[in-house]
Amino acid sequence: MDQQGMSPGQREGMASQGGASELSSLERGLLALPLAAGAVFGVLSFLAPGFLGTLAGYPANDHFVYRLAGAATLGYPVALAFIIRQGSWVAARLVVVGVLVFNLASLFACAYEFAKGRTVGMVYLIMVASLLFVAITGWMLYTHQGAAKSEPNIARWVMWLLIIGTAAATIFALLPLLVPGQAAKFFGYRGTDVFVYRQAGAACLGYSLMGILGLMSRNWNEFRWASVAAVVFNGLSFLASAWSLFKGINSNANEPALLPILVGVASLGVTVATLIAIQRDGK
């Protein structure tokens with residue numbers, strides 16, 4: 001196992017769990033699949049929302065929502081890259097659960113499109129990928145179901161950060177996932193690309209479950225890479241919010257400001273606080 005570059009807390013957490021909690025070469029290889037898919041979709045959605053929407057056959061409106069979907073998605077491949085390198089199941093479990101929930105919710109979004117007769121190539125592609133990733137993560141969770149649990153060791157302020165972040169992730173997951181049209185109208189968006197709204201909600205739902213499990217375990221070795229995913233998600237969300245507000249101020253485009261302001265303030269606060277938690281190993 002490659003333990004270079006790991007903090008003493010990481011090595012201690014791995015040693016306390018024993019070799020049975022290590023990821024096999026097969027498991028590392030399988031996790032590279034959602035890593036690659038998440039990276040491609042996340043980068044395209046964040047950096048080229050218009051191109052992605054047109055490619056998928058959608059009107060490509062509401063670029064800010066596309067970028068939020070990309071930001072939420074990109075947190076997963078970054079965390080998975082660290083997990084594959086480290087090879088510890090204890091450190092991987094929460095992110096694997098997040099990937100599972102993300103893809104289950106994506107299947108819900110796909111099923112809704114099928115039911116409404118609005119299927120395009122992107123829906124089929126995401127459906128196939130989500131089925132594969134649900135099978136991979138479900139199998140891994142079943143295989144490691146007997147892994148030993150870690151003792152709580154995070155500071156109280158980190159627990160409150162988890163509570164706030166989880167609550168925000170839950171709100172931003174359920175609204176676009178369940179009522180995308182109403183949410184779009186409330187914030188002043190067109191809401192034409194409903195499937196993309198639901199994908200953004202699906203990605204956020206994975207963070208919500210990671211946060212809930214983090215609160216249940218309260219162990220930093222288990223939550224470390226989920227926190228890295230949260231930093232990527234919130235950091236990119238802040239950049240997307242700043243860009244949307246900048247465009248609204250410096251162009252004639254009628255860019256809605258309420259959602260970027262709310263997301264910008266919340267994501268900046270969570271990013272800074274989580275970076276501090278990472279630097280202090282959850283203490």
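How many aromatic pairs does the model hold? In this predicted model, the count comes to 11 aromatic pairs. One of them joins Y58 and F195. These two rings are stacked, with 6.4 Å from centre to centre and 25° between the planes. Y58 lies in the loop between α3 (49–56) and α4 (63–86), and F195 lies in helix α9 (residues 194–217), so the pair ties together parts that are 137 residues apart in sequence. Both Y58 and F195 are buried.

F186 and F187 form another aromatic pair, and this one is edge-to-face. Their centres are 5.0 Å apart, and the planes stand at 90°. F186 has a relative accessible area of 59%, which is over 50%, so F186 is exposed. F187 has 14% relative accessibility, which is under 20%, so F187 counts as buried.

Ring pairs also build a cluster, which links Y76, F102, Y207 and F233. A charged side chain meets an aromatic ring as well: R198 lies over the face of Y112, at 3.9 Å from the ring centre.

The nonpolar interior was examined next. In soluble globular proteins, nonpolar side chains tend to be buried together. Here the largest nonpolar core has 59 residues. L31, I83, V95 and Y207 have the most contacts inside this core. Y207 is also a member of the ring cluster. Several helices give two or more residues to the core, among them α2 (25–47), α5 (89–116), α6 (121–143) and α7 (156–178). Leaving aside residues up to four places away in sequence, L31 touches L23, L80, I83, I84, V96 and M140. A second, separate core has 14 residues, including F41, Y66, A109 and V123.

Charged pairs complete the survey. Side chains of opposite charge can pair when their charged atoms come close. The model has two salt bridges. In one, E222 pairs with R93, and the closest N and O atoms are 2.7 Å apart. E222 belongs to helix α10 and R93 to helix α5, and this pair links parts of the chain 129 residues apart. Both E222 and R93 are buried.

R224 and D281 also meet in a salt bridge, at 2.9 Å from N to O. R224 is in helix α10, whereas D281 is in the segment after α11, 57 residues apart. R224 has 7% relative accessibility and counts as buried. D281 has a relative accessible area of 22%, which lies between the 20% and 50% cut-offs, so D281 is partly exposed.

Key: Residues are numbered from 1 along each chain as its sequence is written. This is a predicted model: local features need pLDDT of at least 70, side-chain atom pairs count only at pLDDT 80 or more; totals for chains, interfaces and linings use all residues. Side-chain values use heavy atoms; hydrogens and water are left out. Rings of Phe, Tyr and Trp (its six-membered ring) pair if their centres lie within 6.5 Å; planes under 30 degrees apart count as stacked, over 60 as edge-to-face and the rest as tilted. Helices (H or I, at least four residues) and strands (E, at least two) are DSSP runs, numbered from the N terminus. Buried means under 20% relative accessible area, exposed over 50%, partly exposed in between (1.4 Å probe, protein chains only). A charge sits over a ring if NZ of Lys or CZ of Arg is within 6 Å of the ring centre and within 35 degrees of the ring normal. A nonpolar core is a set of buried Ala, Val, Leu, Ile, Met, Phe, Trp, Tyr and Cys residues joined through side-chain atoms within 4.5 Å. Contact means heavy atoms within 4.5 Å. A salt bridge is a side-chain nitrogen of Lys or Arg within 4 Å of a carboxyl oxygen of Asp or Glu.
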